[in-house]
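Here is a short briefing on how two chains meet. Please view the sequence and structure first.

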Amino acid sequence: MNSRLIKELPELVANNVISHDVAAKIEDYYSTKQTETPNRLFAIFGVLGSLLVGLGIILILAHNWDHFNRMTKTILAFIPLLIGQVIVGFSILKEKSQAWKEASGTFLFFAVGSSIALVSQIYNIPGNLSTYILTWIAICLPVMYLLKSNMLAILHLVFSTYYAFEVGYGHFSIDETPWLYLLLIALALPHYLELLKHKASHNITSIFNWLYPLSFTIVLGAFVNDLSELGFLMYLLLFSLFYNIGKLPYFDDQKLRRNGYLIFGSLGIIILMLIMSFDDFWFVEQLLFNAQESYVSFVLAIANVMLLIWSYNRQWIKSFNLFQYVFIVFLIMYLFQLNLPTIGTLIVNVLIFVLGLTTVKIGVDKFHFGILNYGLCIVTALVICRFFDTNISFVVRGLLFVGVGVGFFLTNYIMLQKQKRNKEQLK
Amino acid sequence: MKTKHIFILFVIVALVQIGIPAQMIWNRESILDTGKAFKFKTQPVDPSDPFKGKYIYLNYEMNSFPSSQETWKRGEDIYVSISEDSLGFAKAIAITKKAPKQQAYVKATVDWSVNNKKEIRFSLPFTEFYMEENKAYDAEIAHRNAQRDSLPNNTYALVYVKEGEAVLANVFINDIPIAEFVEQ
C-alpha cells in the first residue's frame, strides 16, 4: 500500500496537489518506517519452506526403508531433530531476527514429530495417534515461548484440535473426553493474551481471533457422547458466547474482518436456528438430565450470563441487541420442556425474523452495506427454508419472496441516497 | 529474559526432545536383549498411519480366555500369562488383574466379556508391524496365499516379552521373515 502511495507522488506533484517538499517528506517517512519493520515476506516464506521440508521429511521417513538396518534408522530418526535444535539454538544465541526464529522453530516442530514417529516405526510401538500427537506437542510447547513464535502457537492450536478430534470422534474412542485439550489451550493462552495486549492491530492477532473460535467449534462436540440430544442447545450457547465476546469493546471497535468471534457467533446462531426452524426438529429434541451434555451446556450458559453481567456493569452494552440474549430464550425452552413442536417452531421462526431485522438495523446505523445485506440474507434464508414446508400456500410463499426482494432494493437504495446526501453535506 | 537464560532453557527442552525418543529406544532394546521370545499365531491386514507410514495390522489367534466369576470392564488392563504349546507357539494359560510373579506374561486390554459363554475377549498390545509402504499390501496377499497351503495357519509374530512389556520383532510366513517372503 505504501509503495502505491509513493508511486503516485510524482503525479500529485505534477498536478499541484502537493508540493515537492511534502512529497519528499512523505517518501522519507515511509522509507524510515520500512527499515524498522522486519522483513515480513522473508518470515512468511521461511516458515512456509520449513513447514514443507518438515512435512516432507516425515513422509519420506514414513516410507519405512527396509534396506537400512535398525542402527541406521535410529540415527536417521535423530538427524533432523539435531539439525533443527542446532538451528534454533543458533538463532537464540546469535539473537537472530524473528523470521529466523519462526522458520527454525517450525522446522524443529516437525523434526520432533518425525523422530518420535520413526522410533515407533522401528520398534513397532503401537500407541494410538492421539497419544503420539500429545507427546509431540507437549515437548514442543516450551519452544513456542522461548522463541515467542506465532507459527509454533498456530501449530500448537491446530495439533491440539487434531488431538481432541482423535480422542473425541476417532474410531477407537468411545466414551472418551479430551479433557487434556483444555489444558493444552490454557497453556497456549498466555501467548494469545500477550498478542491481544501488545499487538492488537497486527494481522497475526486477527488470525488467532479466527482460529480459536474455529478450534472450539470443532472440539465442543468431542466433549459429549451423543450430539443428537442437547447438541443444538450446547452449540447455540457456544456461538452466543462467541458473539458476546465479539461484542466486547476491545473486539467490537476493531475492523469487522478481524473480529472472528462476532462473525463466527452470528453465523453459527443463524445457521443453528434455521435448522431448528423446521417442524420436525422439535419432535426429536428432548432434555436429558445427568448427561455430560447437560453439564457442558450449564457451564456455557453460566459463562454467557457472567459475560453479559460484566459487560453491563462496565456499561459496554449501550443498546439492546437480540443476538446477545437469544440464548436465554432457548435455555427457557429446554429447561421448562417447552419443546412442543408448534410452539418451538413458531418461536424460532419469529426469532430469526427479528434477528434479521436487528442486523439490518445495525447495518443502517453503522452505514455498513455488508451488514445490511447480511441481515436481508438472514430473512431470505428463513423464507427459503419455509419454501420447503409444504403446508404454507403457494400464494403466501410467493408474496414472501416478492416482499423480501423489494426489501433488498429499497433498503440498499435508501442507504445509497443517504450516503450521497452525506457526501454532499461534507462538501 | 536474557539471551543466555533463554538459551539454557532451550538446551533443557532440547534434551527432553532427544530424551523421549531415546528413552523409547532404550526400553525396547532392553526387552529385545533380555526378554524371552514367543511366537504368536496371527493374521495380517494392512492399514496406514499418517505419520508413521504403512503397517500391517495383526489379528492374533490368542484373543480370548475362559473367565471365572470376576467382572471385567472394557478397556481395563488384563495380565495374560503365557507359555509355549507343543508346536512352540504361545498359548494363554491364565488371566489375572494383577501382574503374576512367576510365569512370563503380557499386558493386554479387555475388549468385552461374553457372559453366556463365560469368556473374556482381549487385545494384545503389539498389533502394528511397520513395513516398507509398497510391501504392506503384498504382505497381506502373501499371507492369504500361504493360507491356501494344506498346513494350518503358518503366519506368526515373533515377540520378545519382559515383565509384561513386549516388543514385536518380526513377522514370519512359513518361517521366512515377511519382508523377504514378499520379495520372493
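Predicted model: local features only at pLDDT ≥ 70, side-chain atom pairs only at ≥ 80, totals over all residues.

Residues are numbered from 1 along each chain as its sequence is written, and chains are lettered from A and ligands numbered from 1 in the order in which they are written.

**Chain contact**
- Chain B gives 32 residues to the contact and chain A gives 34 residues (contact: C-beta atoms, placed from the backbone, within 7 Å).
- On the chain B side, α1 (3–34), β3 (53–60), β9 (128–130) and β11 (165–173) each supply at least two residues (DSSP runs numbered from the N terminus: helices H or I, at least four residues; strands E, at least two).
- The largest share, 15 residues, comes from α1(B).

**Helix pair**
- Helix α4 (residues 70–93) of chain A packs on α1(B) at about 175°, with the axes 10 Å apart (axes are lines fitted to C-alpha atoms over the stretch in contact; angles run from 0 to 180 degrees between N-to-C directions).
- α4(A) is therefore roughly antiparallel to α1(B) (angles over 145 degrees).
- Residues that meet here include A:Leu81 and A:Val88 in α4(A), and B:Phe7 and B:Phe10 in α1(B).

**Domains of chain B**
- Chain B is divided into domain 1 (1–34) and domain 2 (36–183) (bounds from an automatic or database domain assignment).
- Their centres, taken over C-alpha atoms, are 31 Å apart.
- Four residues from domain 1 and five residues from domain 2 form their contact.

Terms used:
Contact = placed C-beta atoms within 7 Å. Parallel < 35°, antiparallel > 145°, perpendicular 65-115°, else oblique.
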